[in-house]
Amino acid sequence: MKPKLNDVAQLAGVSPTTVSRVLNNRGYISQETKDRVHEAMKQLNYFPNDVARSLFSKRTNLIGLIIPTTSNPFFGELTFHIENICASLGYKLLLCNSLNQLDKEESYVDMLMRNQVDGIIVGTHNRGIVNYDQKNIAVIAIDRFLSDTIPVVGSDNYMGGKMASELLIQKGCKHILHINGPVELETPASLRRKAYEDVMKQYGREAITYEVHDPFHQQNHDEPIGRLLDEHPEVDGLFASNDLVAASFITNARKRGKRVPEDIRVIGYDGTETTRNLLPELTTIQQPIQEIAKSAIELLVKEIEGEFSDVPRETYLPVKLIEASTA
């Protein structure tokens with residue numbers, strides 16, 4: 001039979017109220033009493049009822065994380081850091097892979113609200129469709145514009161795009177192309193494209209961009225990459241919006257007898273630990289993923305605590321150029 005709070009009180013030689021105060025960290029209780037209560041809990045294998053405690057504290061210490069997919073190295077690494085930081089702060093994480101499907105995201109939001117999460121971190125694309133503003137809950141977006149009032153955290157996308165484009169020019173590339181996500185998505189990541197276009201204009205070059213409509217899954221990369229190589233055989237420099245797209249481009253280019261970097265220089269974006277281990281030769285713009293996770297949680301906790309006036313609308317963190325052999 002499962003032990004109850006009264007059993008802990010009896011074994012520790014204190015009242016049930018004292019046990020409750022120890023569990024909820026309320027009022028002054030001597031360290032000796034705390035030790036007796038915790039020792040009794042250990043002997044009885046007693047675990048506090050988090051649901052009951054949340055009714056008292058008005059907090060569940062639950063945070064929801066909605067992302068497209070953990071199979072993508074960027075979101076996998078981001079999830080790892082968010083979970084670690086949440087755990088260090090006493091929060092549990094409810095992870096939701098939406099696959100960027102509206103119905104799944106709406107279902108997950110409903111589930112998170114039913115579980116009375118204290119806040120939600122969102123990394124999906126569905127701006128204005130799932131109305132987070134009307135949920136009356138703390139929300140932080142990762143590299144996504146969800147609404148005019150929800151804070152955004154990400155990397156310095158414009159600087160990253162500028163660094164990549166300028167490096168290709170410095171390396172002597174004459175025909176530099178860019179592959180990005182869908183142009184209709186209003187996200188901070190679109191500034192990578194803007195920076196590329198600005199640099200091309202600055203140097204008197206033509207800016208040519210191709211779209212990958214699902215940049216998170218490699219099986220969807222081949223068609224636009226193949227079309228790019230067919231329509232622009234002269235390409236000698238490629239800036240990809242993420243490392244997965246860059247890796248797919250390198251594979252397709254080599255199948256056509258192109259040498260990297262001798263014939264085409266390639267630069268990606270993300271610089272995750274996974275990609276750097278599997279493709280160490282890839283030149284890339286590295287996002288500060290751990291710092292993004294840390295900033296997102298710090299801002300979310302401020303919102304949970306009601307400190308909305310101290311939360312910046314947009315937070316963009318510095319990127320780093322990792323130069324390797326593909327460029």
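Leaving aside neighbours within four places in sequence, Thr272 is in contact with Pro73, Phe74, Glu77, Asp243 and Ile289, where contact means heavy atoms within 4.5 Å. This is a predicted model, in which local features need pLDDT of at least 70 and side-chain atom pairs count only at pLDDT 80 or more, while totals for chains, interfaces and linings use all residues. Residues are numbered from 1 along each chain as its sequence is written, and side-chain values use heavy atoms, with hydrogens and water left out.

- Thr272 is found in the loop between strand 9 and helix 11 (273-278), where helices (H or I, at least four residues) and strands (E, at least two) are DSSP runs numbered from the N terminus.
- Thr272 is buried, with a relative accessible area of 1%; buried means under 20% relative accessible area, exposed over 50%, and partly exposed in between, with a 1.4 Å probe and protein chains only.
- Thr272 also belongs to the lining of the largest cavity, together with Asn72, Pro73, Phe74, Asn242, Asp243, Leu244, Asp270 and Thr275; a cavity is a set of points, on a 1 Å grid over the protein atoms alone, where a 1.4 Å probe fits but cannot get out, and lining residues have an atom within 4 Å of a point.
- About 50 Å³ of space lies in the largest cavity, a volume being the space filled by probe spheres set on the points, which are joined across faces, edges and corners.
- Helix 5 (73-88) and helix 10 each supply at least two residues of this lining.

**Aromatic rings**

- The structure holds one aromatic pair, for which ring centres of Phe, Tyr or Trp (its six-membered ring) must lie within 6.5 Å, with planes under 30 degrees apart counted as stacked, over 60 as edge-to-face and the rest as tilted.
- Phe74 and Phe75 form this edge-to-face pair, at 5.2 Å centre to centre and with 75° between the planes, and both residues are buried.
- The charged end of Arg192 sits over the ring of Tyr269, 3.7 Å from its centre; the cut-offs are that NZ of Lys or CZ of Arg is within 6 Å of the ring centre and within 35 degrees of the ring normal.

**Nonpolar cores**

- The largest nonpolar core has 37 residues, and those with the most contacts inside it include Leu238 and Phe249; such a core is a set of buried Ala, Val, Leu, Ile, Met, Phe, Trp, Tyr and Cys residues joined through side-chain atoms within 4.5 Å.
- Among the elements that each supply at least two residues of this core are helix 7 (157-170), strand 8 (237-240) and helix 10 (243-255), and helix 10 gives the most, with six residues.
- Apart from this core lies another, of 25 residues, among them Leu78, Ile140, Ala296 and Val311.

**Gly237 in strand 8**

- Gly237 has its place in strand 8 and is buried, with a relative accessible area of 0%.
- Gly237 and Leu177 are 60 residues apart in sequence, yet 6.3 Å apart in space, C-alpha to C-alpha.

**Backbone exceptions**

- Most residues other than glycine have a negative phi, and most peptide bonds are trans.
- The peptide bond from Val260 to Pro261 is cis, with omega near 15°, and Pro261 lies in the loop between helix 10 and strand 9.
- Asn61, which is not a glycine, has a positive phi of about 55° and counts as partly exposed at 34% relative accessibility.
- Gln116 has a positive phi near 55° and counts as exposed at 51% relative accessibility.

Notes:
1 Å grid on protein atoms, 1.4 Å probe; cavity = no way out; pocket = protein on both sides within 12 Å on 5 of 7 lines; lining within 4 Å.
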